Amino acid sequence: MRTHTNPLAAVRNLGILAHVDAGKTTVTERILYLTGATHRRGEVHDGTTVTDFDPQERDRGITIFAAAVSCAWDGHRVNLIDTPGHVDFADEVERSLRVLDGAVAVFDAVAGVEPQSESVWRQADRHGVPRIAFVNKLDRAGADLDAAVASIRERLHPAPLVVQWPIGTEDGFRGLVDLVRMRALTWTDGGDLVVGEVPGELLEEAVRRRRVLEEAVAELHAGALEEFCARSTLSPRSLAGALRDLTLTGDGVVVLAGSAYRDRGVEPLLDAVVAYLPSPLDVPAVRGTGEGDGQERPADPAAPFAGLVFKVNATPTGRLTCLRVYSGTIEKGDTVWDPGARRTERVGRIVRVMADRHVPLERAVAGDIVAVVGLKSARAGSTLCAPDAPIVLEPPGVADPVVSVAVEAVRSLDTDRLATALARLAEEDPSLVVRTDPETGQTVLSGLGELHLEVALERMRRDHGLDVNAGAPRVTYRETVLRGVSGLVFRHVKQDGGAGQFAHVVLDVEPLGPEAGFEFRSAVVGGRVPQEYVRAVEAGCHEALTQGPLGGHPVTGLRVTLTDGATHVKDSSDTAFRTAGRLGLREALRACALGLLEPVAEVTVTVPEAAVGGVLGDLAARRGRVTASAARAGSAVVTATVPLAELFGYATRLRSRTQGRGTFTARPVGYAPAPASTPAPAPARRR
């Protein structure tokens, strides 16, 4: 049974997740202020926040780069990562979630669940990260806690367990009723918390809402149900224990509320982080691939060291490698093994990160999130481990880029510096891909969106002093099979002295639809193609799919079946069948009817009601398909699916149509068939 005698029980590793402008950076700043980590309140609009320290973040007023900070509350160490809310930087969220134990999802009390809040919630679902919810901005006009909770229930499908009720509405919001302990929490104009009894005029409603909370918890928690049936109520201790259990299992989501900007609700949020979110001891031991008993590592400082790199920063003082220590202990001067690079590295220094400030440490133990100076080869996703106990941890996924621009240095003398700058950008951000077009010789930079590329180009100008020209953005197309082919015979024979190459394959190709990927199966009978050669054919097919016959784009949405084949007693080999699979599928694709797929995005546009007509017309002109519309506090919210290629420059167009009052968000949702009139542009292919 775990107790707080183990120091790891007093550690919380959490992220702040939200849609852009929901207030998560302000929540982070108030947490740092209340815990004494900072001595003044940072404000986004003033450019004085700790976590948004990059000049571009302060200029744009949004979080672009995930920033790690650390603070202490109620005897607990809280390691916190403030993540971006813009869809173009979703990969930063993905890498952060990979190393976090819990999260606080921040929602706007007026807007409720917004598109990117839904996206980051799904990301947390994939990683199994327990969450609590914080409904922010209760002081705004139109704020409605019940409506926000309803949107959480309807769009995210958890069981929201509301543990607070606001005292006052909109501009009159001054505190909260704590439904677990049945007390009133109010804040003075100076931000001081006052704890008292529930006001008489709110007592009846508070009792009713406490009853609703108890019933919801009893439905989900067996121990709470037993006590509820026996006593018709739950004690504060039992209720809090059940809420923690439901949070850890993901069966329920504790919902808190407040206004971070007005310093209301942050102290109970911190209390909830400590009470409900997991410590490193509460999450399963990390698993990987290794030798012997090295496949699982518990959160134990005495175990062999294992850590995962989730971020790399090039700073003026050197290369900073951020990592989560999952097991063991790492000390300054230690030698660690990087199994991906197949080399050892020496740890120069260890620091605790406070955004752009660093606190030196002598060591880091299991459960810590720290940064290391002195590593040469580690990249985001790299495993670091003890040389005598190798293990490889699962790296975070990297999203495929969807937008590309050609870049070149203004001065030819800067060409080498441009290559160095691009390599450093790609090293820090794996979702940026740099490649050279073999036909034009152009250097092509690809990323997750227009803003993503804008930020990367601006970093080259600011950080590296480079003047760069960038071409028009291009989207990444796909090709798909519309009509397949059966019984295509391909024979690969090569004889050039010595052992030759022989492979005979018969392939069927059939369409699966644009949303599907690639499937391979074998229907060979009688052992005419041995199993090891079947795997080689599949590998060759994967290679063939990197460039389709329409325009050299990746091919998707098809099933390939190996139906027959033949071997030669001497000349058949893995290499021969891999080549036959690659060349045979390319020939089969040329015989198929193919179609072009273009990336599409779900766009949510918020505009004044008077401007709806013009906005709908503009979306139609961009080949948009409206899927939903709603009225919200004097504004209209329109949701549409629009080809990503049609969204370039849309922000400027929307501002001009709405006199600067319209806003929109977009998130990629996959690929859809492109119109027949769409040309098949030759992509910038990899060498």
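**Close-up views of a predicted model**

**View 1. Glutamate E267 is buried, with a relative accessible area of 9%.** The model shown in every view is predicted. E267 counts as buried because its 9% falls under the 20% cut-off. The residue belongs to helix α9, which covers residues 266–276. What does E267 touch beyond its neighbours within four places in sequence? Its contacts there are L34, W73, W187, G191 and L193.

**View 2. Helix α6 spans residues 200–220.** This helix has 21 residues. From its first C-alpha to its last it reaches 31 Å. That is close to the 30 Å expected at 1.5 Å a residue. An α-helix has 3.6 residues a turn, so residues three or four places apart point the same way. Look for that spacing while you find the buried residues of α6: L202, A206, R209, R210, L213, E214, V217 and A218. Which elements do these buried residues pack against? Three are helices: α5 (145–156), α7 (222–231) and α8 (236–249). The others are strands β6 (160–162), β7 (164–167) and β8 (175–178).

**View 3. Four strands form an open sheet with mixed pairing.** Their order is β31-β32-β35-β33. The edge strands, β31 (485–494) and β33 (518–522), each pair on one side only. From one strand to the next, the twist averages 25 degrees. Strands of a sheet pair through backbone hydrogen bonds, either parallel or antiparallel. Which way do β31 and β32 (residues 501–511) run, parallel or antiparallel? They run antiparallel, joined by eight bridges. Across this pair, R491 stands opposite H504 in β32.

**View 4. The structure holds zero disulfides.** C385 is in no disulfide, and the nearest cysteine sulfur, that of C322, is 19 Å away. C385 is also buried, at 0% relative accessibility. A disulfide is a covalent bond between the sulfur atoms of two cysteines. A disulfide here needs the two sulfur atoms within 2.5 Å. C592 is buried too, with a relative accessible area of 10%.

Technical notes
Residues are numbered from 1 along each chain as its sequence is written. This is a predicted model: local features need pLDDT of at least 70, side-chain atom pairs count only at pLDDT 80 or more; totals for chains, interfaces and linings use all residues. Side-chain values use heavy atoms; hydrogens and water are left out. Helices (H or I, at least four residues) and strands (E, at least two) are DSSP runs, numbered from the N terminus. Buried means under 20% relative accessible area, exposed over 50%, partly exposed in between (1.4 Å probe, protein chains only). Contact means heavy atoms within 4.5 Å. Two strands pair if DSSP finds at least two bridges between them. Axes are lines fitted to C-alpha atoms, for helices over the stretch in contact, and angles run from 0 to 180 degrees between N-to-C directions. The expected span of a helix is 1.5 Å times one less than its number of residues.
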